[in-house]
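Welcome! Have a look at the sequence and the model, then try each task before reading on.

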Amino acid sequence: MDAMLNLDIYGLKVRINFASGKEKGEVAGLLRLFLRDENGEADVSLDFKKTVTRQEIARHLFPFLAERGIWAIHSGGFHYKGGHLTVGPSNCGKSTFSYMAMKHGLSLLSDDIALVRDAASGIEILPFYSAIYLRHEVIFPDSGLFRPVALTSLLLPRFGNGSLRVSKVEKRIDLLRQVVPQFLWSYDGKEQEKQRRFLEKMCDYPAFEVYWNDRMFDDHRLFRNVLDEIVQG
């Protein structure tokens, strides 16, 4: 190994060894929020073996973060009078919502994977990746846009050709059914029980299905209108 990265991910000190400077640069761009220069002691040392994409480094890091009570969820997110977590499967609109938030000058959390943990203020959302993956391009917003925040609501994007509207999720069981598959579960039974209790707590927060279409992407004012409707409950 002739290249390495030193990271501090919310108190977890990580050293990643690479076979080439190119691979180091790719991962550094994705995890640039956590780069540190010093070569001190590391809690975790990993060898990066690229197989498909640089995002795969994440699955090696999540178990160590989970030991510290920090879990990963397939979600995007941004700030708007609180923290909003956009949860859902691929291609539902998580990246688009993060992009819209950036265009409005809002602080960001994620476009695809966010970290969550219990905190004194409630559930805290922590940024992880520092890129937005749109259909035809990758955008690297200014690092200063990414900030942790306390959770205010869960958003469930629904892309379609119908009208733009917001619908509050009234039944908690319906919310659980949609959020559970997006949570990155541990293989350990005791850890899963902790995660289950955490997820139950998360689903006590207000949640909204947001039905959107291409008009919102073309007319940024519509995105702000949606946010105002969500904040008003």
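**Exercise 1.** Is Lys13 buried, partly exposed or exposed?

*Solution.* Keep in mind that this is a predicted model. Step one: the relative accessibility of Lys13 is 30%. Step two: buried means under 20% and exposed means over 50%. Lys13 therefore counts as partly exposed.

**Exercise 2.** Which residue forms a salt bridge with Lys13? Find the partner and look at its surroundings.

*Solution.* The partner is Asp8, and the closest N and O atoms of the pair are 3.5 Å apart. Asp8 has a relative accessibility of 27%, so Asp8 counts as partly exposed.

**Exercise 3.** Now move to helix H5, which spans residues 189-202. Work out how Glu193 is placed relative to Arg196 and Arg197.

*Solution.* Start with Arg196: its side chain meets that of Glu193 in a salt bridge, at 2.7 Å from N to O. These two residues are 3 apart in the helix, so about one helical turn separates them. Next comes Arg197, whose salt bridge with Glu193 has an N to O distance of 3.5 Å. Here the spacing is 4 residues, again about one turn of H5. Finally, check accessibility: Glu193 at 34%, Arg196 at 37% and Arg197 at 45% are each partly exposed.

**Exercise 4.** Which residues are linked with Glu193 in a network of salt bridges?

*Solution.* Besides Arg196 and Arg197, the network takes in Arg172, Glu200 and Asp204.

Notes:
Residues are numbered from 1 along each chain as its sequence is written. This is a predicted model: local features need pLDDT of at least 70, side-chain atom pairs count only at pLDDT 80 or more; totals for chains, interfaces and linings use all residues. Side-chain values use heavy atoms; hydrogens and water are left out. A salt bridge is a side-chain nitrogen of Lys or Arg within 4 Å of a carboxyl oxygen of Asp or Glu. Buried means under 20% relative accessible area, exposed over 50%, partly exposed in between (1.4 Å probe, protein chains only).
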